[in-house]
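This note sets out several points for a reader who is new to the structure. Please consider them with the model at hand.

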Amino acid sequence: MQPGVRVGVIAGVVTIFLAAVGLIGNFTELNIIGEEVTFAQLMLVMIPLVAGFVATAPKVEAGELVTFTPQRAAMVGAVSGAVAGAVFGAFVVFVDAFGVERVRSVFLNVSPVLMDYLTSGRPALTAAAILTVISAIAGAAGATYRALPDAVRRPLGSAIWVTLLFGFLQRIVPIALDQLEVERDWLYSKITGGLTWVGAIVIALVAAGISVLKQQKGGAIRGAIVARRDRGAEGPRITPLSIVLMLVGLALVLIAPQVLGSVISDVLGTVMVFALLGLGLNIVVGYAGLLDLGYVFFFTLGAYSLALLTGATLNTFIGSSEPVISLNLNFYVAVPIVVVIAAVAGVLIGAPVLRLRGDYLALVTLGLGEMIVVLVTSPWLVPLVGGPQGMRDITSAAIGDFGFRDPRHFYYLALAFVALALFVSSRLASSRVGRAWTALREDEQVADAMGVSTTSYKLLAFAIGGAIGSVGGALFAVKIGSLTPASFQVLVSIQVLGIVILGGIGSLPGVITGSLVLVGLPGLLREFEEYRLLAYGAAVVAVMLLRPEGLVPNVRRSRELHEDELDQDRWVRDVVLDEGVAPTASPQGEGTG
Amino acid sequence: MKHRPWLTVVATVAALALVASACSNDDPAPSGGTDSETAAVDEFGTVEIGPDDPINVGVAQVISGADAALGQDQVNGIELALDYLDGKFDQTPGTLLGHQIELAIEDEGCTAEGGQAAATALAADPSIVGVLGTSCSSAALGVGDTILGEKGILLFSGSNTNPALTSEEAHQPFYARTAHNDRIQGAIVAEYALNEQGATKLATIHDESPYTQGLTAAAAVNFEAGDGTVTAQEQINSEDTDFKPVLRSIAEGDPDVLYAPVFVAACSLILKQAVEIMPDVTIMASDGCMSSDTIKNAGDAVNGVFLSSPDISVFQKGDFYSNEFLPAYQDQFGSAPTSVFHAHSFDATNVLFDAIEQVAVENDDGSLSIPRTALRDAVFATSGYEGLTGIITCTELGDCATDVTIGVFEGPNWPVDGGAKPDTPVYSDTKSLEDVL
Amino acid sequence: MSSSGSAQPVDARLSGFATLPWRRIILVVLGATIAFVVIAGAYKTLTLPGDERFSGDFWVDQIVNGLGQGAILALIALGYTLVYGILRMINFAHGEVFMAGAFISFFFADAYVKSGFLNSNTYLALTILLIVSIAGSTLVAVLLERIAYRRLRNAPRLVPLITAIGASLFIQSAFRGFFGPQPRGYPLPTLLEGSVVLAGISVAKVQLLVFITAIVAMVALQLFVNRSRTGRSMRAVAADSEIASLMGINVDRVVVITFIVGGILAGIAGLLFALAFTQVVFTMGFRPGIAAFTAAVLGGIGSIGGAALGGFVIGLLQAVGPSLFLKGFGVPSENSLRDVFVFLVLILVLVFRPGGLLGTGDAEKV
């Protein structure tokens with residue numbers, strides 16, 4: 001019972017947190033399915049459900065794997081849920097007793113609206129009791145979910161999260177469907193804004209169906225992949241299937257803007273720019289292992305350099321003026337120059353700074369990021385970059401008459417550069433330079449002793465990564481057409497770092513995924529704009545604690561990050577489980593196993 | 001080196017992408033103009049509204065984040081305008097030409113990217129007749145005004161004050177605003193300092209936002225034209241807390257007046273710190289500081305601080321504002337307006353509605369055809385319209401608040417919650433763009 | 001796949017290009033430029049024509065202000081340095097620890113000023129506020145350690161750093177969500193209003209309080225770390241945590257205590273900051289956090305004296321630096337370049353003395 005109670009308490013506290021932050025009270029009208037399932041309701045039900053799921057996780061106790069029987073699991077889940085509900089219910093009672101207005105004078109989101117919603121007019125104790133009961137049921141459901149056989153659980157899980165995903169994307173999917181001129185009123189209700197029940201059921205069934213198919217067919221594919229990995233091969237092999245899949249994927253990527261319309265293309269364009277930034281930072285942080293917290297430096301440098309090279313004008317409070325340095329080059333001539341400028345800057349800055357120890361480097365790079373932001377806003381550089389008013393009339397990278405400012409055209413421009421960066425990164429990773437970086441990353445002193453010139457390779461990573469970042473900045477300038485310093489904040493460095501980390505450090509598909517998730521999703525889920533940073537911070541912490549290798553991990557880095565656990569596994573496997581061999585050495589000692 | 005086929009594929013994408021983009025389709029053309037009865041050939045086409053369909057009006061305001069109050073205030077003003085279509089404030093929207101009005105609200109986030117996203121979303125909807133917005137000039141300048149202008153969709157703002165938006169070089173043909181141009185406010189501040197305060201030396205502080213930089217630049221230019229000297233023009237960061245070094249530095253120049261039109265957080269701190277460092281210098285600020293929060297945070301430091309802001313007492317035309325509008329606002333939204341811009345947006349919405357009425361062609365089947373260019377022309381032709389905020393006459397460059405009345409209020413008698421009464425301005429002047437630099 | 005047999009040419013080419021002479025050239029140029037800016041700038045500023053020159057009073061005022069700011073930064077920097085000494089990690093969220101104490105104490109202070117308690121029993125009220133602020137900061141610090149950092153003690157250095165950044169964002173956003181984005185005015189007791197004159201210099205009473213409290217806290221910390229048993233354990237763990245644990249020291253407990261001590265210092269700093277600026281807002285931890293981090297590194301991270309010194313140096317640089325070094329060059333609004341200037345100085349110090357001012361002379365490689 002104990003773990004169930006603990007999880008339940010944590011879940012209850014989390015619910016209180018969400019209520020205090022406003023994620024429940026402000027979303028009581030956000031319909032997900034029909035009018036019955038709103039975001040607020042979802043929160044209130046999902047948290048105890050997850051609590052039940054977590055509480056019944058198999059544990060290792062005294063060297064044995066403990067699992068729960070379905071009945072016991074349900075009980076533990078129910079208890080866990082009930083505790084969560086009770087804790088939250090106690091909160092409701094407390095607020096009611098203390099007086100909502102008094103609590104609200106401190107915690108702004110604990111409002112009468114919230115309380116009305118939670119109690120539905122009933123006395124607080126009754127409401128608390130109801131919450132407890134609902135949570136108990138949810139907890140039991142969560143626990144039972146885990147206990148279901150795989151064949152049932154996977155489709156059910158898919159059905160649920162796919163349906164919810166479509167419910168969340170209620171502002172975007174209908175637009176895409178409209179573009180494709182597909183009848184969509186049966187799926188998304190114009191009145192409630194969310195999914196209709198009919199639509200929800202259809203999606204759930206389809207998702208479940210696909211999941212079932214995947215299980216049957218996928219088992220064979222997965223077995224093949226696993227077998228290959230065990231044999232030690234590291235890359236995908238060419239098979240007819242993989243070629244077909246790649247072509248299909250390629251086709252989808254290429255026609256996306258036509259199909260999805262300009263709004264989604266606009267978001268995808270930003271995703272591409274940030275993916276490019278991520279790829280650049282990936283080289284610095286992911287490949288060479290340098291702690292760079294000031295990547296906004298290159299982003300800003302690239303954007304403003306491009307503007308100055310292609311004849312943008314400065315905004316002044318009465319109109320515009322020419323920057324003191326202004327050339328009128330074509331975009332495609334300017335980009336290589338931007339690359340050179342960035343690389344040179346990278347080398348000049350890197351030279352004194354890169355030999356510093358990791359944490360010092362982090363601080364110095366952070367400082368660099370701050371410095372450039374201050375500089376482009378400063379009155380001192382107004383004649384060059386326009387200060388707070390910014391710059392305007394940035395080139396649209398036109399080829400002949402064909403401009404790239406339209407979101408659907410820009411997508412292709414950005415895609416081309418992303419593809420190029422992917423190519424460059426991938427070639428670097430598997431080249432001698434990449435191996436030097438790996439050596440550098442894993443143990444700098446040893447690498448040095450082996451004759452790898454650490455400073456040179458660090459400089460190279462910094463310069464190349466910086467160059468790619470600058471191109472990202474240049475593209476950003478083209479996309480928006482204007483530059484205001486507000487777009488260039490230290491936060492950008494942190495966001496790009498988040499993309500690399502979340503996606504998978506050192507992993508190229510990971511960076512793309514990271515950008516889709518961290519830039520694409522918020523771009524599409526505009527209702528949650530206020531909570532973006534909150535979710536972001538939580539996501540970063542969660543990823544670091546639970547899955548530091550990211551969503552789409554790079555196998556090698558994954559191994560590095562879980563070195564201790566892998567060593568332990570190896571020790572258990574080789575030393576302990578081998579019959580008759582007594583453990584003589586401690587697990588940590590065996591580095592190479 | 002391992003054979004990596006997917007690289008070749010990826011590299012091909014670069015080439016294919018450019019080819020693909022050259023073959024791509026454009027957005028569907030705006031709904032055709034040749035079908036309707038309109039004689040004019042409208043290059044941006046006509047918005048066709050079916051007999052039972054609502055008239056879709058876009059709204060691009062900042063409704064999330066730190067500046068949300070600014071945008072929400074204006075959305076409220078717009079909604080009140082919808083309400084008032086039937087001539088009374090009864091919390092039920094009226095109809096225009098027999099059609100309901102629906103608002104498509106987008107969040108512009110007070111940044112250029114946000115403005116781009118909001119404008120793109122609205123521009124993609126061919127049924128949008130016009131857009132009321134943006135809140136922040138940075139979301140409009142070069143971004144919102146251009147994207148919407150390319151589709152012939154009018155962007156009509158109630159709070160963009162950046163002069164550049166209606167300047168010769170930067171003005172977009174489909175952009176207009178009812179908000180005052182900052183050049184006017186800056187000029188009146190300078191005038192007040194020179195004439196009423198007898199100042200010969202002025203120092204200014206602005207922050208990293210274009211709004212405050214524009215205001216101080218305008219004030220400085222007009223102050224110098226009046227034979228004054230500008231001793232310092234300092235820039236601070238709005239998130240800083242220690243302004244004592246800057247203030248001390250400014251104090252060395254011995255100015256008579258310090259004009260610091262920054263926002264509440266920095267403004268409160270500057271007011272408090274200036275009391276210690278430059279007690280004899282007169283401090284001025286503007287709307288950004290005019291808030292009950294400033295009074296709460298700065299306390300006594302607001303005494304004797306002069307704030308410039310559009311003169312609300314001008315709104316008392318026939319007591320409409322105080323007797324009908326304000327109570328209606330209070331009733332529907334539960335609090336008093338947080339800024340003056342709600343009134344500007346109310347006016348902009350009404351001007352737009354009037355223009356729609358003027359140019360819309362009512363077809364026999366009950367549908368409407370609204371030619372875009374004609375709509376724009378009608379708005380720009382507005383002259384002598386009596387709005388809440390004054391007489392509205394639009395210039396060719398989109399400034400519809402041509403005669404702007406700015407009032408100067410002495411703290412603590414500011415017209416906000418917590419301010420002392422009487423909250424009438426100690427100085428008020430009306431200027432138009434020709435009068436200022 | 002080619003073997004290492006052909007490794008030579010590439011490495012030789014690369015290292016040939018970027019070998020010592022280049023780097024040293026860049027270093028020398030950089031150092032010379034910054035030195036030039038500093039020396040020439042100061043000279044030019046101090047020799048400006050009479051009516052443009054800053055008065056003596058000006059410099060005194062700026063120095064006093066800088067020292068006051070520096071005291072607060074020093075307190076926060078100590079928190080960074082303590083945690084770094086033990087865990088070899090930068091607790092990026094320490095700025096939020098500082099903010100939390102100040103913000104939570106605001107609600108009490110607000111209630112006290114409304115009821116009159118703040119001015120009728122100022123000493124008692126301030127003591128309670130101090131306790132509340134310390135409690136708030138310490139709570140956040142302990143939660144951080146327990147939830148975010150404990151599991152990552154042996155992770156590669158990048159991981160806890162990023163976790164700290166994420167935690168910092170999260171805490172900031174949480175406070176914003178709870179309490180709203182508006183800045184809140186923090187009341188100042190009438191007892192602390194106004195200034196006193198010391199040795200002919202006018203010093204605000206609050207500034208004096210800040211300075212004295214900070215010094216007392218730092219001395220207390222120094223005594224604690226050097227004389228007490230827990231302090232000895234902390235130093236032992238900082239020196240080598242594995243051996244310390246073998247000697248019977250409960251490393252987990254020492255870590256928690258370190259965070260608590262850091263939290264206490266941050267809580268004190270938070271209250272002082274709130275009183276000095278009479279304003280709290282959810283973003284108030286970010287910039288002082290970075291400034292304090294800079295101070296800790298500048299002074300030599302891991303060193304208590306270094307953090308204290310660094311704090312005062314940064315405080316002075318922020319207040320006096322732009323005026324002294326940039327005014328002479330006619331840079332418009334030189335104070336807006338304050339952060340640039342501070343960072344340049346930091347880079348200068350780190351380049352020539354990587355261990356910081358009070359650290360060891362070389363870069364320790366860990």
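Does B:Phe346 count as buried or exposed? At 3% relative accessibility, B:Phe346 counts as buried, where buried means under 20% relative accessible area, exposed over 50% and partly exposed in between (1.4 Å probe, protein chains only).

The model is predicted: local features need pLDDT of at least 70, side-chain atom pairs count only at pLDDT 80 or more, and totals for chains, interfaces and linings use all residues. Residues are numbered from 1 along each chain as its sequence is written, chains are lettered from A and ligands numbered from 1 in the order in which they are written, and side-chain values use heavy atoms, with hydrogens and water left out.

1. Aromatic pairs. Rings of Phe, Tyr and Trp (its six-membered ring) pair if their centres lie within 6.5 Å; planes under 30 degrees apart count as stacked, over 60 as edge-to-face and the rest as tilted. By this rule there are 58 aromatic pairs over all chains. One of them is the tilted pair of B:Tyr84 and B:Phe346, with 6.5 Å from centre to centre and 50° between the planes. B:Tyr84 lies in the loop between helix H2 (68-83) and strand S3 (101-107) of chain B, and B:Phe346 in helix H11 (residues 341-359) of chain B, so the pair ties together parts that are 262 residues apart in sequence. Helices (H or I, at least four residues) and strands (E, at least two) are DSSP runs, numbered from the N terminus. B:Tyr84, at 25% relative accessibility, counts as partly exposed.

2. Aromatic cluster. A single aromatic cluster includes A:Phe17, A:Phe107, C:Phe103 and C:Tyr186.

3. Charges over rings. The charged end of B:Arg376 sits over the ring of B:Phe380, 3.9 Å from its centre, and A:Arg102 lies over the face of A:Phe98, at 4.4 Å from the ring centre. The criterion is that NZ of Lys or CZ of Arg is within 6 Å of the ring centre and within 35 degrees of the ring normal.

4. Residue A:Thr454. This residue is in helix H18 (residues 454-480) of chain A and is buried, with a relative accessible area of 8%. Leaving aside residues up to four places away in sequence, A:Thr454 touches A:Leu440, A:Glu444, A:Ala447 and A:Asp448 (contact means heavy atoms within 4.5 Å). Between A:Thr454 and A:Ala124 there are 330 residues in sequence and 65 Å in space, C-alpha to C-alpha.
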